[in-house]
Amino acid sequence: MINAYTADDENRLSDVERDLVERRIRVLGPSYRLFYEHPVHVVRGEGVWLYGPNGECYLDVYNNVAVAGHCHPHIVAAIARQAAILNTHTRYLTEGVIDYAERLITKFPPPISQLMFACTGSEANDLAVRVARAHTGGSGLIVTETAYHGVTQAIAELSPSLGRHVEIGAHVRTVPAPRTSGDVGRAFADGVSAALEDMRRASVKPAALLVDTVFASDGVFAHPPGFLGEAVERVRAAGAVFIADEVQAGFARLGDAFFGFERHGLTPDLVTMGKPMGAGHPLSALAGKPEVLEKFGHMSRYFNTFGGNPVSCAAGMAVLDVIEGEDLMGNARRVGVLLKNALLELAARYGAIADVRGVGLFIGAEMENERIAARIVNGLRERRILISATGPGANILKIRPPLVFSEANLDQFISALGAELAVL
Ligand code: PMP
């Protein structure tokens, strides 16, 4: 992680920050990473703002989980209300889980009509893989070269972005990320065909193609809409299913669609979702066509202690209320267009920006190299604006604010980014 705190950054820290960093390393061990050379200490959030212990206020241009803005009062109240009434699990008859599932399923094209709940995106993907394998009788899985799908053993094996020390599963094949020019769909599909052919030679029966429909960890690829269609056709012709990972793209962020797969004119066989679904409350799900879920349901019971509990469902319901009631998809579309145009203008002035990609409020700005991206990310942090970087070369600025991001927020972000580019 290019923009992470390292021991060399010690001298930037206040006494309180140094104490927290030391305690953290002591008790949480070596696996955790902090963002930024100068880590950000936050104690409170509201809307697009995060606040430090002394009232410092940071513009959040990064956190997609807080889809409705930090601590949205309607969502907070829904969680508190349900927590005070009942919190249990899905082995009793409770109405909330059914109400919520019925409402959420209306966001999908009709053949997708059933939902199973979990708590994290990783769990939803893990379940999707089990379901796909049960349905197809295959084991082979195709993901992109810098994919990230989560943390369980099975899913870490499908997440090459975790680095070369994390092994890719024996039945996993990787394909190049989408291109940015030429016949994007054909090129991506050819990668998928090569993976299918490799499986055939190794006597591995394919089970699924699993992709993040905005390709966030690969570097953000959203155009042209529809480019995934050909690859999905080839996967289905080989007897496998298509799993759309909507953990990043889903819940209105892309502005022109509630889920990323819609932009590709596709009906996936399975869809996983998480992150913004509970706006910070741990809530995730797998949605699917009944015939795809059928076999797994007969082979195995499914019980997830916390998945679909009444408080989580109240949170999920309130998130939908806010996305719809405040037209956050419309805001993502409107402000997203302005954001992309503003970045393209900066790209025309400063050669350091090599490309601007994405849609709605999910934008990747490709910088010339990792060093420049790290300088921008850390420079903006000093200006109290939070973004990050992604992609195989860690050189793509990841710009992904809460969907309540306004034009005024955009102006603040763009003028700070312009100032950073000017001093490069
Ligand atoms: N899929 C994608 C595309 C993700 O970006 C992530 C998280 N970054 C996950 C799955 C895993 O979600 P979680 O961290 O909730 O397990």
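This is a predicted model: local features need pLDDT of at least 70, side-chain atom pairs count only at pLDDT 80 or more; totals for chains, interfaces and linings use all residues.

Colleague: Then what makes strand 8 and strand 9 a pair?

Modeller: Strand 8 (residues 241–245) and strand 9 (residues 270–273) are joined by 3 bridges and run parallel. The cut-off is at least two bridges, so they qualify as a pair. If you want a spot to look at, Ile243 stands opposite Leu270 in strand 9.

Colleague: What is the strand order in the open sheet?

Modeller: The sheet has 7 strands in the order 4-10-9-8-7-5-6, and the pairing is mixed. From one strand to the next the twist averages 20°.

Colleague: Why are strand 4 and strand 6 said to stand at the edges?

Modeller: Strand 4 (114–118) and strand 6 (172–175) each have a single partner strand, so one side of each has no neighbour in the sheet.

Colleague: Which strands does helix 8 touch?

Modeller: Helix 8 (residues 290–299) packs on the sheet, where it touches strand 4, strand 9 and strand 10 (284–288). The direction of helix 8 makes about 55° with that of strand 4.

Colleague: On to strand 5. Why is it described as largely enclosed?

Modeller: Buried means under 20% relative accessible area. In strand 5 (residues 140–144), 5 of the 5 residues are buried, so the rest of the structure largely encloses it. Gly140, Ile142 and Thr144 point one way, Leu141 and Val143 point the other way, and all are buried.

Colleague: What does strand 5 pair with, and how do you know that?

Modeller: Count the bridges again. Strand 5 has 3 bridges to strand 7 (residues 206–212), in the parallel sense. Strand 5 also has 4 bridges to strand 6, again running parallel. Both counts meet the cut-off of at least two bridges, so both are pairs. Ile142 shows up on both sides: it stands opposite Leu209 in strand 7, and its bridge partner in strand 6 is Arg173.

Colleague: Next, the domains. How do you know that domain 1 and domain 2 touch?

Modeller: Contact means heavy atoms within 4.5 Å. By that test, 28 residues of domain 1 are in contact with 32 residues of domain 2. The area buried between them is about 2,200 Å², with carbon and sulfur atoms giving 64% of it. Met329, Val359 and Phe362 supply 27% of what domain 1 buries against domain 2, more than any other three residues.

Colleague: Which residues touch the most other members of the largest nonpolar core?

Modeller: Phe108, Met273, Leu397 and Phe413, out of 93 residues in that core.

Colleague: And why is that core said to lie between the domains?

Modeller: Domain 1 (7–68 + 327–423) and domain 2 (73–325) both give residues to this core, so it lies between them. Apart from it there is another core, of 23 residues, including Val172, Leu210, Ile243 and Leu293.

Colleague: What does Phe413 contact, beyond its neighbours within four places in sequence?

Modeller: Its contacts are Leu59, Val61, Leu339, Leu380, Ile385, Ile387, Ile399 and Phe405.

Colleague: Why is Lys289 called buried?

Modeller: Its relative accessibility is 13%, and the cut-off is under 20%, so Lys289 counts as buried. Lys289 lies in the loop between strand 10 and helix 8. Beyond its neighbours within four places in sequence, its contacts include Pro111, Ile112, Arg236 and Thr267.

Colleague: What makes their backbones worth a look?

Modeller: Most residues other than glycine have a negative phi. Phi of Tyr36 is near 75°, while Ala279 has a positive phi of about 50°. Tyr36 is in the loop between helix 1 (15–28) and strand 1 (44–46), and Ala279 is in the loop between strand 9 and strand 10.

Colleague: Last one: what makes the bond between His223 and Pro224 cis?

Modeller: Look at omega, which is about -5° for this cis peptide bond. Pro224 has its place in the loop between strand 7 and helix 7 (229–237).

Methods. Residues are numbered from 1 along each chain as its sequence is written. Side-chain values use heavy atoms; hydrogens and water are left out. Axes are lines fitted to C-alpha atoms, for helices over the stretch in contact, and angles run from 0 to 180 degrees between N-to-C directions. A nonpolar core is a set of buried Ala, Val, Leu, Ile, Met, Phe, Trp, Tyr and Cys residues joined through side-chain atoms within 4.5 Å. Buried means under 20% relative accessible area, exposed over 50%, partly exposed in between (1.4 Å probe, protein chains only). Domain bounds come from an automatic or database domain assignment. Buried area is the accessible area (1.4 Å probe) that two parts lose on being put together, summed over both.
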